[in-house]
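Here is a short note to read beside the model. Please keep the sequence and the 3D view open while you go through the points.

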Amino acid sequence: MVKAKKGTVKYVIDCTAPVEDKVLDVASFEKYLQDRIKVDGKTGSLSSNNVTITRDRTKLTVAAPSDIQFPKRQLKYLSKRYLKKQQLRDYLRVIAASKNSYELRYFAISAGDEGEEEEE
């Protein structure tokens, strides 16, 4: 009997905008995820389940074997909790950029300039 090759599922969290503005530290974000990601209901079991987190300058990539049920939603939840802990939740939001990626973006805040122009 021949075993089928197991694939991996990769999720990317793109932190480009806040990192370029020196608002977010990717290294501490990576450490936060490593400490808190649950696999099979247990934290701290990433290496035993072959789940890896790699860091580029502005992106985090979480790779998990496809036979493990690893939800993308958990990454969004943990990202939002990290932003709340760093008191950045009021300025940044987590958006699904594609099927396997999230992106941290600033809220689009319009200034009150439009109201002043109408009064004149």
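**Notes on the fold**

1. From the N terminus on, the elements run β-α-α-β-β-β-β-α-β-β-α. That makes four helices and seven strands in the chain. Helices (H or I, at least four residues) and strands (E, at least two) are DSSP runs, numbered from the N terminus. This is a predicted model, in which local features need pLDDT of at least 70 and side-chain atom pairs count only at pLDDT 80 or more, while totals for chains, interfaces and linings use all residues. Residues are numbered from 1 along each chain as its sequence is written, and side-chain values use heavy atoms, with hydrogens and water left out.

2. Start with the sheet. Five strands form an open sheet with mixed pairing, in the order β4-β5-β1-β7-β6. Its edge strands are β4 (52-55) and β6 (92-98), each of which pairs on one side only. Neighbouring strands are turned by 20° against each other on average, direction ignored. Two strands pair if DSSP finds at least two bridges between them. Axes are lines fitted to C-alpha atoms, for helices over the stretch in contact, and angles run from 0 to 180 degrees between N-to-C directions.

3. Now go through the pairs. β4 and β5 run antiparallel and are joined by four bridges. A hairpin of three residues links β4 to β5. β5 also pairs with β1, in the antiparallel sense, over seven bridges. Here threonine 8 has proline 65 in β5 as its bridge partner.

4. The other side of β1 deserves a look. β1 and β7 pair in the parallel sense over three bridges. Isoleucine 13 has tyrosine 102 in β7 as its bridge partner. β7 (residues 101-106) and β6 run antiparallel, joined by six bridges. Leucine 92 stands opposite tyrosine 106 in β7.

5. Which strands does helix α2 lie across? Helix α2 (residues 26-36) lies across β1 (8-14), β4 and β5 (59-65), and runs at about 175° to β4. Helix α3 (residues 72-85) packs on the sheet too, touching β1, β5, β6 and β7. The direction of α3 makes about 160° with that of β6. Contact means heavy atoms within 4.5 Å.

6. Next, the interior. Of the 120 residues of the chain, 36% count as buried. Buried means under 20% relative accessible area, exposed over 50%, and partly exposed in between (1.4 Å probe, protein chains only). The largest nonpolar core has 28 residues. Such a core is a set of buried Ala, Val, Leu, Ile, Met, Phe, Trp, Tyr and Cys residues joined through side-chain atoms within 4.5 Å. Those with the most contacts inside it are Leu24, Leu33, Ile37 and Leu75. β1, α2, β5, α3, β6 and β7 each give two or more residues to this core. In soluble globular proteins, nonpolar side chains tend to be buried together.

7. Leaving aside neighbours within four places in sequence, leucine 24 is in contact with Cys15, Pro18, Val19, Tyr82, Leu83, Leu88 and Leu104. Across the chain, residues 24 or more positions apart account for 57% of the contacts with a separation of 6 or more.

8. Threonine 61 sits in strand β5. Is threonine 61 buried or exposed? Threonine 61 counts as buried because its relative accessibility is 16%. Threonine 54 stands opposite threonine 61. Beyond four places in sequence, the contacts of threonine 61 are Lys10, Tyr11, Val12, Thr52, Ile53 and Thr54.

9. Asparagine 49 lies in the loop between β3 (42-43) and β4. At 19% relative accessibility, asparagine 49 counts as buried. The side chain of asparagine 49 reaches the backbone oxygen of serine 45 at 2.9 Å. Not counting residues up to four places away in sequence, asparagine 49 touches Val39, Asp40, Pro65 and Ile68.

10. Arginine 81 is found in helix α3. Arginine 81 is partly exposed because its relative accessible area is 39%. Not counting residues up to four places away in sequence, arginine 81 touches Tyr32 and Arg36. Arginine 81 and tyrosine 32 are 49 residues apart along the chain, and their C-alpha atoms are separated by 9.8 Å.

Notes:
Polar contact = N/O pair within 3.5 Å; in protein donor to acceptor, adjacent residues only side chain to side chain.
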